[in-house]
Every structure is written in C-alpha cells, then in structure tokens.
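Student: I am new to this structure. Please take me through some of its terms.

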Amino acid sequence: MPTPDATYASPAAEKAWADHVILDHFYGHLPPEPRRTPMRELVSTILSHRTTHADEELAYDRMLETFGDWPGVLAAPTAELAHAIRTTRWPDTQAPRIQEILRRIQAETGGPFDLDFLAEWPLERAMAWLNDMPGIGLKTSSLLLLFNYQKPVLPVDTHVHRVAQRVGFLGPKVSVEKAHAVLLALLPADAETLFNFHKHNYWHGQQICFFLRPNCPRCPLKGFCNYYLEHYGEATPEALAATPTQWDPAAWGKLPH
Ligand code: SF4
C-alpha cells in the first residue's frame, strides 16, 4: 500500500489517510476488479437512473433479448427500444441516449462496440470523452475508468460524500460533484488505493454511517470523527476499546459486491 509523504499536505489529507488505513483493515483490502464489463457499466448507468436495481437488470436483459446484440440495439426503431426498456423510469429519454452512445463508440472504434481503447488514452482525454456522453456524469466516468481500466480517479457517491463530511476531511459545503477532485487531491494517485478507498467508504456509508442515525458505537473512525465529537464528545478509552476492529459477516451480514 503506498504511503503519502511523511509530512501530510494538510490536516484533511492526514484524516483521509487515517480513514483509508482503518477502513482497509476493517473491511479488508481488495484487489481492484471490475463490477461488470465496460459496455454494461456504461449502458446500465443510463438504465439505472431513478430505477431499482431489479428493474434496471430487467430492462438490460429485455433489451438484449429483443434486439440480440449492440448492432441490433443501435439499428432498432427508437420507440421499440423504449418499449423494451420500459421498466426504467424514463424509457423515452434513455432509448435515444443509449443509441447515441453506441453511435459514438462505433465512430471511435470504426465498428466494434468495445471501450478498451480508453485503456490506451491519457486519463484527461478518456474522462472528457466519457463526460461528454448524454446521461453520463463524473461518478460513472470515474467508476468505469477506475474499476475497469485502473486509472487513478475517485468516484464519489452520496455514501462516500457523507462519510468524508462527517469525519471531517471534506468541507460541509462541497457538493458531491466537486468532491471528486477535492478528495482525489488528498490521496495518493494510485488506482488500488483509490479503489479500496471508494469501496470501503461506500460500504461504510451503507452499513454503519447511515444517513439517519449512524451506528457510531460500531464505527472504527470514532476516534477522529467530527460528527462523533460533536454528538458524543471525545471518544473515551472504553468506547474505543469496545469498538470492533473488523467487519463481522457472521453477525452483521455479507457485504454487497
Ligand atoms: S463515528 Fe459515526 S458519524 Fe463518524 S464516521 Fe463513524 S458512524 Fe459516521
């Protein structure tokens, strides 16, 4: 695991690194790996907008069952594509977006529906190309480039954002969008570290640092968390000693993928 400079760039960088080291031990270090193929990551993001995971999967499966493959999806009448993905929230908006994305990929590769050319591109160019796609934001671009191509970027969702603000290494007024660059600047530019930081803080927001009533007694970050200090006072030696040091799947359940 790379270490930042012995002298931290700022108190925020020191806290972010402490958060990373503690959660890395708490949840376990992970090898960087994709959640799904790059094409699926990109297209599923469009389908997932304000849609449950089950309905997003249904739409994805129906789309490929109906039209067979990506050339079939691109050639389909847009209204029929919208019908196939009707379990998503806004099929009439998403169908033309998917076809536009497929057109742009085809224009780039000269045929195949494959995003692997992004691996060869400089990070800034890959990021700009993805961000220019209709319906694709900074979080999706970062997820795809980090998870699928091990580029040193940091996806920030509401869970990562909330934990960072409560612990206190992200300012209270920094938006999720702006947090991408702010948090990235606090951490080493190393894809494996950023992958683990993202996954662990995402799990932490989902499993312990809930939006409503965070489970602070179970939290290993309490010793330096601003929210804890504000609500419970300085963490006592007894409170710290009673804090679990590792996630217990037998007692608390398996962590999501
Ligand atoms: S101590 Fe509480 S508020 Fe702070 S990170 Fe842990 S769960 Fe969240």
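Student: What is the handedness of the crossing of helix 2 and helix 3?

Tutor: The model is predicted, with local features needing pLDDT of at least 70 and side-chain atom pairs pLDDT 80 or more, while totals for chains, interfaces and linings use all residues. Residues are numbered from 1 along each chain as its sequence is written. The crossing of helix 2 and helix 3 is right-handed. A crossing is right-handed if the near helix is turned clockwise from the far one by less than a right angle, and left-handed if anticlockwise. Helices are DSSP runs of H or I, at least four residues, numbered from the N terminus.

Student: Why are helix 2 and helix 3 called oblique to each other?

Tutor: The axes of helix 2 (residues 38-47) and helix 3 (residues 53-67) cross at roughly 120 degrees and come within 9 Å. Angles under 35 degrees count as roughly parallel, over 145 as roughly antiparallel, 65 to 115 as roughly perpendicular and the rest as oblique. Helix 2 and helix 3 are therefore oblique.

Student: Which residues make the contact of helix 2 with helix 3?

Tutor: Helix 2 gives Val43, Ser44 and Leu47, and helix 3 gives Glu56, Ala59 and Tyr60. Residues are in contact if their C-beta atoms, placed from the backbone, lie within 7 Å.

Note on methods. Axes fitted to C-alpha atoms, helices over the stretch in contact; angles between N-to-C directions. Helix = DSSP H or I, 4+ residues; strand = E, 2+ residues; numbered from the N terminus. Contact = placed C-beta atoms within 7 Å.
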